[in-house]
Amino acid sequence: MTGSLTVIGLGPGDPRWLTPAATAALDAATDLVGYGPYVGRVAERAGLVRHASDNRVELDRARHALDLAAAGRAVAVVSGGDPGVFAMAAAVFEALEDARPEWASVDIRVEPGITAVLAAAAKLGAPLGGDFAVMSLSDNLKPWDVVTRRLEAALAADFVVALYNPISKARPWQLGEALKLAGRHRAADAPVAFARAIGRADEAIRVLPLAEAEMAATTADMATLVLIGASGTRTVGGADGRRFLYTPRSVGRMP
Ligand code: SAH
């Protein structure tokens, strides 16, 4: 008997940002596989077996999930945000390249979720109104010179640039370097947003001029999404002194 494997995006944290399709897929699961904190976000219920694991072993976790599905289980692999954005869906397909015969008939699906950059953008206003680029700043899975080359290209092309995985204990200086690089392509007062723990109880949002953001780089953490504005990105005032960050849809000549 062959089972199924659904890779599910749990969204950024607010349970109201879980899609009905993702909820239905979670309700149908017999087994839950994922990094501990994400597994912890799914309510316990009778008949649901939980397999929480350490974050560093994505491929092993994917193989384990495929084995469970091949044995007939209905497996839900969970990721925060969207499972296809720097997350488990790619690990599942990478594991599948091993082409083990017992995995051949597993029914694999991916259920999308709201990714961090979209949640952060909605809280900020509309910073993604123009073209934007999304990068992971982590050099765990790619060399740092690849990160800087891609970042330079995106900045030079005047994209709004969203940085996932901006900083961690093991990678303390990379965000500062990235923002220094941004200073070569953007004005000192270009807006930079630090959007932290969006959709969770400890949500915190700051918009700083680039020069100040560079000084504040080490105040970001692993739960922070960093957004560097394009040349047209700016703020506009709303009710109660609130300021919205937005990027106009139209672009003239590139600076
Ligand atoms: N699959 C996830 C991203 C995983 S990479 C998604 O689609 O959102 C992990 C990075 O995502 C974090 O370092 C942070 O940059 C960002 N992130 C995830 N959840 C977030 C949240 N609630 N608020 C802000 N950033 C978040």
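Biologist: Is Gly 3 buried or exposed, going by its relative accessibility?

Modeller: Gly 3 counts as buried because its relative accessibility is 10%, and the cut-off for buried is under 20%. Keep in mind that this is a predicted model.

Biologist: Where does Gly 3 sit?

Modeller: In the segment before strand E1, which covers 4-9.

Biologist: And what does Gly 3 touch, leaving out residues up to four places away in sequence?

Modeller: Ala 69, Gly 72, Arg 73, Ser 105, Val 106 and Asp 107.

Biologist: How far apart in space are Gly 3 and Trp 103?

Modeller: Their C-alpha atoms are 9.6 Å apart, although 100 residues separate them in sequence.

Biologist: Switching to Leu 66. Which helix is that in?

Modeller: Helix H3, residues 58-70. Leu 66 is buried, with a relative accessible area of 0%.

Biologist: What is Leu 66 in contact with, neighbours within four places aside?

Modeller: Leu 5, Val 92, Ala 95, Leu 96, Trp 103, Val 106 and Ile 108. Val 106 is also on the list for Gly 3. As for Ile 108, its C-alpha lies 9.1 Å from that of Leu 66, and the two are 42 residues apart along the chain.

Biologist: How much of the protein's contact set joins residues at least 24 apart?

Modeller: 69%, counting contacts between residues at least 6 apart in sequence.

Biologist: New topic. How many helices and strands are there?

Modeller: Eight helices and 13 strands.

Biologist: Take the open sheet of three strands. What is its order?

Modeller: E6-E13-E12, with mixed pairing. E6 (125-126) and E12 (234-237) are at the edges; each has a single partner strand, so one side of each has no neighbour in the sheet.

Biologist: How do E12 and E13 pair?

Modeller: Antiparallel, over four bridges, with E13 made of residues 243-246. Gly 237 stands opposite Arg 243 there.

Biologist: What about the accessible surface?

Modeller: About 12800 Å², with 55% belonging to carbon and sulfur atoms.

Biologist: Last one, charges. How many positive and negative?

Modeller: 27 positive and 28 negative, and their mean positions are 4 Å apart.

Key:
Residues are numbered from 1 along each chain as its sequence is written. This is a predicted model: local features need pLDDT of at least 70, side-chain atom pairs count only at pLDDT 80 or more; totals for chains, interfaces and linings use all residues. Side-chain values use heavy atoms; hydrogens and water are left out. Two strands pair if DSSP finds at least two bridges between them. Helices (H or I, at least four residues) and strands (E, at least two) are DSSP runs, numbered from the N terminus. Contact means heavy atoms within 4.5 Å. Accessible areas come from the Shrake-Rupley method with a 1.4 Å probe; for residues, only the protein chains shown count as cover. Lys and Arg count as positive and Asp and Glu as negative; His and the chain ends are not counted. The place of a charge is taken as NZ of Lys, CZ of Arg, CG of Asp or CD of Glu. Buried means under 20% relative accessible area, exposed over 50%, partly exposed in between (1.4 Å probe, protein chains only).
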